[in-house]
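Please read the numbered points with the sequence and the model at hand.

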Amino acid sequence: MDLAEQVFQTIKPMPEPLVQEILDFALFLRQREAQAEWQNLMSAQTRSLADWDNEEDEVWNDVPSV
């Protein structure tokens, strides 16, 4: 029996309000994980953009876009 099946078998006999609470908590964990991934992506983007902010690359600031 895999872990998901164990969780299901454990909560199946529980009253509906408790199952709802477990579901709410699981959804919270998923949302928190997604938020952490987003924060990691934003942090990586910020660090990578810092490489482009230097005097040598100033000549590219006035190049017209195509």
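1. Overall dimensions. The radius of gyration of the chain is 24 Å, whereas a compact globule of 66 residues would have a value near 11 Å. The C-alpha trace spans about 70 × 25 × 20 Å along its principal axes. Please keep in mind that this is a predicted model.

2. Secondary structure. The chain contains two helices and zero strands. Helix α1 covers residues 3–11, and helix α2 covers residues 16–50. A loop lies between α1 and α2, and M14 is found in this loop.

3. Distances along the chain. V7 is placed in helix α1, and Q45 belongs to helix α2. These two residues, V7 and Q45, are 38 residues apart along the chain, and their C-alpha atoms are separated by 38 Å. For Q45 and L27, which are 18 residues apart along the chain, the C-alpha separation is 27 Å.

4. Burial and surface. Of the 66 residues, 3% count as buried. The accessible surface of the chain amounts to about 6500 Å². Carbon and sulfur atoms account for 59% of that surface.

5. Is V7 buried, exposed or partly exposed? The relative accessibility of V7 is 41%, so V7 counts as partly exposed, since the partly exposed class lies between under 20% for buried and over 50% for exposed. Q45 is likewise partly exposed, because its relative accessible area is 39%.

6. A nonpolar patch. Which residues make the nonpolar surface patch? M14, L18 and I22 form this patch, and its area is about 220 Å². M14 has a relative accessibility of 32% and therefore counts as partly exposed.

7. A negative patch. D53, E55, E56, E58 and D62 form a negative surface patch. One of these residues, E55, lies in the segment that follows helix α2. Why is E55 classed as exposed? Its relative accessible area is 74%, and exposed means over 50%, so E55 falls in that class.

8. Charges over the whole chain. The chain carries 4 positive and 14 negative charges. The mean position of the positive charges and that of the negative charges are 17 Å apart. The reader may wish to consider this separation together with the negative patch formed by D53, E55, E56, E58 and D62.

Terms used:
Residues are numbered from 1 along each chain as its sequence is written. This is a predicted model: local features need pLDDT of at least 70, side-chain atom pairs count only at pLDDT 80 or more; totals for chains, interfaces and linings use all residues. Side-chain values use heavy atoms; hydrogens and water are left out. Patches are made of residues with over 30% relative accessible area and no salt bridge: like charges are joined within 9 Å, nonpolar side chains (Val, Leu, Ile, Met, Phe, Trp, Tyr) within 5 Å. Accessible areas come from the Shrake-Rupley method with a 1.4 Å probe; for residues, only the protein chains shown count as cover. A salt bridge is a side-chain nitrogen of Lys or Arg within 4 Å of a carboxyl oxygen of Asp or Glu. Lys and Arg count as positive and Asp and Glu as negative; His and the chain ends are not counted. The place of a charge is taken as NZ of Lys, CZ of Arg, CG of Asp or CD of Glu. Helices (H or I, at least four residues) and strands (E, at least two) are DSSP runs, numbered from the N terminus. Buried means under 20% relative accessible area, exposed over 50%, partly exposed in between (1.4 Å probe, protein chains only). The radius of gyration is taken over C-alpha atoms; the globule rule is 2.2 Å times the number of residues to the power 0.38.
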